Structures are given as structure tokens and as C-alpha cells.
Amino acid sequence: MAIATAQAKPLSAGKLKLLIVDDSNIIRRKIERELKIDRLQVVATASNGRLAVDAFKKEPCDVVTMDITMPEMDGIACVEKLVALKSDVLILIISALSDKATAIEALKRGANGFLCKPFTDRQLTDAIDELLRGAS
Amino acid sequence: MTKVELETFVEGTTHYFETAANQPASVGSPYIVQEGKPSVQEFTGMISIAGKRRGIVYFTASRPMLTVMLMRMGETELTQENMCDLVGEVANTISGNARKDFGKDFMISVPQVVAGEPERVQPPDNMRSFVIPINWRSHSAQLVVCLE
């Protein structure tokens with residue numbers, strides 16, 4: 001049962017800011033817990049696209065993990081809004097929708113990578129690593 | 001539903017437990033419910049299917065099974081809310097993965113979760129329900145696929 005929620009956290013110096021967007025609390029917590037990349041710090045989480053846009057306006061992030069199937073505003077629409085706010089934001093779609101058309105549509109709208117659910121901790125770290133390498 | 005279509009859901013279920021729950025499940029052969037409704041356990045996550053196909057897919061499991069699944073996933077908050085979240089996420093993930101074979105017109109809803117009220121889980125009367133039995137550790141659960 002997804003409960004609409006958005007949380008903000010203070011940032012340490014020199015870190016890239018990460019926003020986690022997923023309507024599942026356990027997935028948000030799993031990403032936050034298991035992502036082992038020193039350069040990143042989670043500064044906000046959101047349970048739908050609308051809350052993610054609000055959080056992003058308050059704290060424009062460098063990296064976003066984005067679910068697609070969410071209430072109120074889905075991930076594809078949210079990607080477009082975040083890219084309009086900050087064109088160099090790096091967005092990794094993390095979704096169960098495993099058809100090619102969805103991945104292509106997300107990339108067209110401005111996402112930079114796609115990780116299919118379910119995922120292992122290693123797959124998550126590798127996908128974010130690849131996203132950051134592609135940007136540098 | 002064809003055998004090949006059902007196999008998509010069997011594979012999705014197997015993949016989910018191997019990857020997300022860090023331990024493979026024994027996924028049995030699907031069977032059709034001949035009389036009455038498929039069984040429902042304490043927590044059920046339901047996905048409505050629209051587009052080229054219509055119907056519902058649901059995952060139903062007991063509290064003890066969900067508790068162990070959450071623990072295996074590294075979750076420390078073994079709350080009712082997270083159990084509701086988990087059944088919804090399992091149903092959502094397996095249904096979403098099915099789009100690899102069914103295509104983008106296999107449209108899935110956000111999960112609807114039912115906890116402790118089995119009468120609220122109502123597969124459509126005019127469609128056949130296929131049950132995929134799942135045995136994981138000492139627990140059993142079911143994925144029910146009911147498509148036009």
C-alpha cells in the first residue's frame with residue numbers, strides 16, 4: 001500500500017545529491033540501504049512523481065532513481081518535468097516494466113539508464129556506477 | 001490463456017524469488033480453479049490489467065512468509081505496512097515483467113492491497129483463474145492469473 005511521502009535530508013560536502021522516487025517504501029529503503037557509492041548521498045525520497053517534482057524544486061538533485069508505475073504522476077511524465085528543471089540531471093529508471101518500448105520511451109524523455117526490477121544489490125550499484133561513468 | 005502465456009508468469013515468479021528474496025522458490029505447475037474462488041491468504045496484492053488483455057493478477061501470502069521475505073531482503077521494519085507494500089510490489093513486479101512477452105499494451109495498474117479481508121479479493125466471474133503455487137522455505141503462497 002503506497003503512502004504518499006516525501007522526505008528531505010541534509011547534504012555532506014562534496015557529494016552528489018540523490019533523489020529516490022518509488023511508490024514502494026521497501027524499495028526506497030532498499031535503494032537507500034544497499035547503494036554503496038561514496039560519491040552519492042540520498043537527500044530526498046518521494047512516493048510519486050508529483051511529490052518528486054516538489055522535492056526536486058526545493059533541492060535540485062544530481063542523480064535520480066525513478067520508478068514508472070506510480071499514482072498521481074508516473075515516472076515517465078516525472079522524468080520530463082525534472083529534465084525541464086535541470087537538463088543535466090542523471091536519471092536511472094528502476095521499473096518492473098520490462099518491454100523495450102517502455103525503456104525507449106523513458107530514454108527519449110530524458111532518462112539516462114534503465115534497471116529492471118527485481119534487481120540485486122550488485123546490479124543496482126553497477127547501474128548507478130555506469131550512469132555516473134557515462135556522465136563523466 | 002495459453003500454456004506459453006502462463007509460462008511467462010511462472011518464469012517471472014521464479015525470477016522474483018531468486019533475485020529479490022535471495023532464495024529460489026519451488027514454483028509448481030499452474031492449475032485451473034474448477035469450482036469457487038482461488039484461495040486467499042492474509043495479505044494480497046492485486047494488479048488490474050487493461051489494454052489488449054483484461055483481468056487481474058494477484059499474489060497472496062501469509063504474514064510469516066512475508067516476515068521472512070522482508071528479513072531476507074534486509075528490511076528491519078517488519079510492519080503491517082511493509083507487508084502490504086511487499087505483496088503489492090511482488091504482484092507489480094511479476095505483472096510488469098510479463099510485458100516483455102505481452103508487449104506495452106499489457107497495461108498494469110498500481111497495486112491494490114487487501115489485508116485480512118479475503119472477501120474483498122474477487123476475480124471476475126466470467127474469466128478462468130489459473131493458480132501458480134509457490135513454495136518457499138517452509139511457506140506457501142499463490143500467484144493467481146485471471147485474464148480474458
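In which helix of chain A does Asp54(A) lie? In this predicted model, Asp54(A) belongs to helix α2 of chain A, which covers residues 49-58. Because 12 other C-beta atoms lie within 10 Å, Asp54(A) is classed as exposed. Its C-alpha atom is separated by 9.9 Å from that of Leu82(A), a residue 28 positions away along the chain.

The C-alpha trace of chain A spans about 40 × 30 × 30 Å along its principal axes.

The buried residues in question are Asn25(A), Ile26(A), Ile27(A), Arg28(A), Arg29(A), Lys30(A) and Ile31(A). Their cover includes, from chain A, the strands β2 (16-21), β3 (40-46) and β4 (63-66) and the helix α5 (121-135), while chain B contributes its helix α3.

The largest nonpolar core comprises 84 residues, of which Leu19(A), Met66(A), Ile91(A) and Val87(B) touch the most other members. Helix α3 of chain B, residues 80-97, supplies the largest share of this core, namely seven residues. When residues up to four places away in sequence are left aside, Met66(A) touches Val21(A), Gly75(A), Cys78(A), Val79(A), Ile91(A), Leu92(A), Ile93(A), Ile94(A) and Ala111(A).

The contact between the two chains draws 25 residues from chain B and 25 residues from chain A. On the side of chain B that touches chain A, the elements giving two or more residues are α1 (3-19), α3 and α4 (99-102) of chain B, and the largest share, 11 residues, comes from α3(B). By class, this side of chain B divides into eight nonpolar, 10 polar and seven charged residues.

Within chain B, the axis of α3(B) comes within 10 Å of the axis of helix α2, residues 63-72, and the two cross at roughly 85°; α2(B) and α3(B) are therefore roughly perpendicular to each other. Arg63(B), Leu66(B), Met69(B) and Leu70(B) of α2(B) make this contact with Asn82(B), Met83(B), Leu86(B) and Val87(B) of α3(B), a set with six nonpolar, one polar and one charged residues.

Some details of the backbone remain to be described. Most residues other than glycine have a negative phi, and most peptide bonds are trans. The peptide bond from Lys117(A) to Pro118(A), however, is cis, with omega near -5°, and Pro118(A) is located in the loop between β6 (113-116) and α5 of chain A. In chain B, Asn22(B) has a positive phi, near 60°, and lies in the loop that runs between α1 and β1 (26-27); with 13 other C-beta atoms within 10 Å, Asn22(B) is partly exposed. Arg137(B), which is not a glycine either, has a positive phi of about 55° and is placed in the loop between β7 (130-136) and β8 (139-147) of chain B. Because Arg137(B) has 15 C-beta neighbours inside 10 Å, this residue counts as partly exposed.

Technical notes. Residues numbered from 1 in each chain as written. Chains lettered and ligands numbered in written order. Predicted model: local features only at pLDDT ≥ 70, side-chain atom pairs only at ≥ 80, totals over all residues. Core = buried A, V, L, I, M, F, W, Y, C linked by C-beta atoms within 7 Å. Buried ≥ 20, exposed ≤ 12 C-beta atoms within 10 Å, placed from the backbone. Helix = DSSP H or I, 4+ residues; strand = E, 2+ residues; numbered from the N terminus. Contact = placed C-beta atoms within 7 Å. Nonpolar A, V, L, I, M, F, W, Y, C, P; charged D, E, K, R; others polar. Axes fitted to C-alpha atoms, helices over the stretch in contact; angles between N-to-C directions. Parallel < 35°, antiparallel > 145°, perpendicular 65-115°, else oblique.
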